[in-house]
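Please keep the structure in view while working through the numbered points.

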Amino acid sequence: MINRNTITEVNRLDLRAPAIEGYVGRNPTQIKSSGKHVPENKPAENEDQLPVDFSNPNDLFEIIAEFSFDWIYWQNPDNTISFISPSTKFITGYSREEFLQDQNLLSQIVHPEDSLKFQKHKDGIDLGDNVCSYEYRIIKKSGEIRWLSHFCQAVYDEKDNYLGRYVSNRDVTVVRNLISRDVQGERRVLGLCESLSLGLFRITADGKLIKANEVFLRMFGLTSLHEGDETYFSGTGILNAINKKNIIDVIEKEGIAKNLELACFKKDRTMIYLLCSVTYVRDREGNISYFEGVVQDITLQKKSELLIIEAKDMLRRYEKLKSEFLATISHEIRTPLNAIINFSRLLKMEPGNIHEKDFRENIEIIENEGKRIQRTIDMILEMSQLITDTYEANPAETDIIKDVLNVVCKECKESTEEKKIELSLDNRIGNSTIMIDKHSVMQIFRHLIGNAIKYTGEGYIKIISYRNAEERVTVEVKDSGIGIDEKYIPYLFTLFSQEDNSYSRMFEGTGLGLAIVKKYCELNDAEIEVESRKGFGSTFRVTFLNSRYQII
């Protein structure tokens with residue numbers, strides 16, 4: 001019996017599966033052709049017995065070998081060959097007799113490149129390997145190279161005596177060539193995809209990456225398939241919840257999802273945009289087994305498209321800004337110029353008939369309108385410096401109360417007295433010296449207090465200075481004026497922005513003042529906040545963060 005390592009690959013042997021089962025478990029014997037003694041079999045008990053005794057392993061082995069397409073032989077314990085099947089001639093080109101006469105012929109026909117493999121196999125047999133299988137090449141008598149699939153198994157008797165080795169060689173050249181063509185074809189496809197920067201992938205339904213080329217791995221910042229775990233690809237990669245649903249919907253309708261634009265995240269969480277063509281494969285139960293497809297990285301293209309859209313949007317904003325600039329500046333220059341010209345003509349035409357009071361009023365109007373033009377031009381020049389970054393700041397230790405707020409309040413005193421507005425300065429700071437650019441900070445409060453005067457018919461304007469909870473110097477300009485619509489507050493600091501932008505508006509202005517204030521605040525590391533309600537006044541709060549300049 002074969003009581004150690006029985007033949008395990010019965011299905012490899014054509015016409016042999018039932019025969020091997022008959023062989024395994026019978027009384028041990030030596031192969032007849034070995035030349036050694038073979039015990040005689042008992043005579044048949046009935047005349048209908050077949051000419052061949054299937055209970056005899058000798059006959060059984062020879063029948064298997066005779067009718068097999070494989071090259072089968074028996075290898076004795078001394079490694080000599082004692083029986084060879086007729087298929088030997090077809091597979092190797094050599095006859096049975098040639099192999100039996102020249103016991104070294106088998107080693108001689110092994111392909112030189114596989115000789116080392118063949119020798120390792122022989123060494124393994126000598127060391128006691130019971131079952132061996134591998135593929136190697138031989139050179140036929142005609143010179144043709146053939147691939148063989150080799151299988152051999154040691155055979156022992158019931159006392160564990162080694163009887164020899166059953167050997168089978170199958171010609172697998174056709175299969176190997178087909179596989180080789182497939183591999184070469186796949187390599188050509190992979191090479192083409194590499195040259196075109198196309199990523200190939202196969203991802204299971206639960207998001208596990210099981211196959212991908214180098215291009216695909218680079219797209220996602222991966223170095224190996226193992227990094228593409230299901231958590232990553234099902235959560236943020238190609239098969240995130242949104243993409244997966246869209247892909248399945250399209251495939252079910254059209255059979256394949258072509259040229260889908262997908263937004264995915266790389267391993268480092270940066271976003272990429274992919275152009276993807278994908279389909280899925282179902283298992284026997286009809287469930288989706290995996291998705292496979294090809295992707296192209298279009299991130300640069302998408303970013304370029306977004307930049308173009310952004311540039312067009314910016315161009316539209318600049319066109320609108322230019323139109324607003326021309327309209328506003330035209331209004332702010334033409335209106336006072338008309339007043340100056342008209343009153344100048346009046347004075348010129350009737351110099352002797354004008355009462356002294358009227359004369360002074362006309363001169364005052366001409367002066368005020370001239371100042372209005374001057375303010376407009378000054379603000380245009382200021383904004384130009386800030387936008388072009390040509391304004392040179394000179395930060396220095398400055399007492400914001402003494403050197404800034406007191407000076408600005410004195411400048412505005414005449415205007416507040418004319419409108420009967422109460423202007424007060426409440427200083428709650430002990431040490432009011434901070435590091436600022438004096439000119440720009442004075443301009444901040446000139447604009448803020450000037451606006452408070454403009455939009456307050458009566459009541460008060462309070463300037464309050466203090467240190468906030470974080471010990472930062474804060475100045476509030478609070479008025480009891482007309483207030484600001486809460487919906488307009490987000491646009492307060494935009495260029496040429498005015499709540500009432502019509503030509504018939506009640507208050508003059510270019511819409512540059514608060515935009516300049518915002519720029520000067522940024523220049524001095526200051527924040528500006530606004531609190532206001534229509535009809536209840538406004539509070540502008542400037543906090544000097546001193547992130548750039550340390551408080552003294």
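1. This is a predicted model. The strands concerned are β4, residues 145-156, and β5, residues 162-171, which run antiparallel and are joined by 9 bridges.

2. The pair belongs to a wider arrangement. β4 and β5 are part of an open sheet of 5 strands, whose order is β2-β1-β5-β4-β3 and whose pairing is antiparallel. Why is one side of β2 and of β3 left without a neighbour in the sheet? Both β2 (81-84) and β3 (131-139) stand at the edges and have a single partner strand each, so one side of each remains without a neighbour there. On average, neighbouring strands in this sheet are turned by 25° against each other, direction ignored.

3. A helix accompanies the sheet. Helix α6, residues 115-126, packs on it and touches β1 (71-75), β3, β4 and β5. The direction of α6 makes about 150° with that of β3.

4. Helix α15 covers residues 513-523, and its buried residues are Gly513, Leu514, Ala515, Ile516, Val517, Tyr520 and Cys521. Just after α15, Asp525 takes a positive phi of about 55°.

5. The cysteines deserve a separate check. How many disulfides does the model contain? The count comes to 0. Cys276 is in no disulfide, and the nearest cysteine sulfur, that of Cys264, is 7.9 Å away. Cys276 has 1% relative accessibility and therefore counts as buried. For Cys412, the closest cysteine sulfur is in Cys409, at 6.9 Å, which is too far for a bond. Cys412 is also buried, because its relative accessible area is 10%, below the 20% limit used for that term.

6. The last point concerns Ser465, which lies in strand β14, residues 459-467. Is Ser465 buried or exposed? Its relative accessibility is 0%, so Ser465 counts as buried. The side chain of Ser465 makes a polar contact of 3.0 Å with the side chain of Asn427. Apart from neighbours within four places in sequence, Ser465 is in contact with Ile401, Asp426, Asn427, Arg428, Ile429, Thr474 and Val475.

Notes:
Residues are numbered from 1 along each chain as its sequence is written. This is a predicted model: local features need pLDDT of at least 70, side-chain atom pairs count only at pLDDT 80 or more; totals for chains, interfaces and linings use all residues. Side-chain values use heavy atoms; hydrogens and water are left out. Two strands pair if DSSP finds at least two bridges between them. Helices (H or I, at least four residues) and strands (E, at least two) are DSSP runs, numbered from the N terminus. Axes are lines fitted to C-alpha atoms, for helices over the stretch in contact, and angles run from 0 to 180 degrees between N-to-C directions. Contact means heavy atoms within 4.5 Å. Buried means under 20% relative accessible area, exposed over 50%, partly exposed in between (1.4 Å probe, protein chains only). A disulfide is a pair of cysteine sulfur atoms within 2.5 Å. A polar contact is a pair of N or O atoms within 3.5 Å; within protein, one must be able to donate a hydrogen and the other to accept it, and residues adjacent in sequence count only if both atoms are side-chain atoms.
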